Amino acid sequence: MHSQSVYNSVRVNSTRRPLLIKCLNAHFYSNVWKSISIATNPDVKTGRRGSHLSISPLKQLGESLEVPVHTIPQRKVDFRNWMPPPPITNTNEPHFSDPASESRLLVTASFGRILRPSLLRIFPPGQRLNVHPSLLPAYRGPAPIQRALMRGENVTGVCVIDMMEKKEGIDAGSVWACKSMVVPENATFPLMSVELAQIGGDLLVTVLRDMLLGKASSIPQPPVSSITPHASAISASDARVDFTSQTALDIVRLSLAISHQRPITTMMPDGRTLQLHHLSVSKSHDDLGPVEPGWAVYSPHTRTILINCADGKWLSVLKLKSQDRALLTAKEWWNGVKGLGVLHEGMLKLL
């Protein structure tokens, strides 16, 4: 299997960079493969009026290593007909590919695309690998790190698995290797992505070396049960908190998991969105008396906004950002709220 290898990944922001980069760094192990090609998303204009050009970190690394870099269509619908670059596909007939060759290997990590059967079949069974950051079958899906942090998992890990056709299950392939790690206290997504990337990159190289030595083997994943957690994509609704049903710790965990990509939000009495930044669970405040969930007050002692949650504990918020306004410290924001006429006995009810 000294192979022509195709390494796939979509465009990512910097918080997802480590998993991709660490896995690609296996390129340095010349005893694993002879050549490698990268397939990633094209450059995309972002920001106001397209003022910023977002470039795939994988593309940047590939170019620095003088590795061939190819782009996939930006739209998922256009990706359905995409074919890998030559020499994987026939140069003269772009929609034709030679039968699966034992010299070919496909590796994906955080790819964000479903590979159609005809594309997978270009690569032989057992040589279509995915590096997935969870202890499968737990957290199958596109957001395994975030969902594990949201649930407060103490242990997570990485698996190198076979890719299967969609009808057989997403992230459901046999496991070639798996390694666990303890989740540090107050771990954030950026921190966990770096740690899991290092583990995943090393694990991938180990699997490939074992394949070359003929001592690698894979085992089926354990069956999924009704309590096996799934890792669905993070949406805007995940970022909207409900103080009547979520505890202060729930909301802090949510922030640790997704605030890098979506700010944690609630609603002001007038319907405007309010972003909550730098969250923690505050100590008890008996001086505030019994309060229903959702009531907020400024604390001069902690210099934060305190919000009562479903468990009766207080969520401490260091900075806030009202809709269409700048990010402010808790005191600055509270001083502005006091002039709106929305306080009741010195407290604010968030929706």
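Predicted model: local features only at pLDDT ≥ 70, side-chain atom pairs only at ≥ 80, totals over all residues.
F79 is buried, and F111 is buried too.

**Aromatic pairs**

Two rings are described by the distance of their centres and the angle of their planes. Searching the whole structure turns up three aromatic pairs. Two of them are set out here.

| Pair | Arrangement | Centre to centre | Angle between planes |
|---|---|---|---|
| F79 and F111 | edge-to-face | 5.7 Å | 70 degrees |
| W333 and W334 | tilted | 6.2 Å | 45 degrees |

What does the pair of F79 and F111 tie together? F79 belongs to helix 3 (residues 76–79), while F111 sits in the loop between strand 6 (104–108) and helix 4 (117–120), so the pair links parts that are 32 residues apart in sequence. Turning to the tryptophans, W333 and W334 are both buried.

V317 lies in strand 14, which spans residues 314–322. Is V317 buried or exposed? V317 counts as buried because its relative accessibility is 0%. Beyond its neighbours within four places in sequence, V317 contacts L276, H277, H278, L279, T304, I305, I307 and A330. The C-alpha atom of V317 is 8.9 Å from that of V281, and the two residues are 36 residues apart along the chain.

**Cysteines**

The structure has zero disulfides. C159 is buried, at 0% relative accessible area. C178 has 41% relative accessibility, so C178 counts as partly exposed.

Key:
Residues numbered from 1 in each chain as written. Heavy atoms only, no water. Helix = DSSP H or I, 4+ residues; strand = E, 2+ residues; numbered from the N terminus. Buried < 20%, exposed > 50% of the residue type's maximum accessible area, 1.4 Å probe, protein only. Contact = heavy atoms within 4.5 Å. Disulfide = S-S within 2.5 Å. Phe/Tyr/Trp six-rings, centres within 6.5 Å; stacked < 30°, edge-to-face > 60°.
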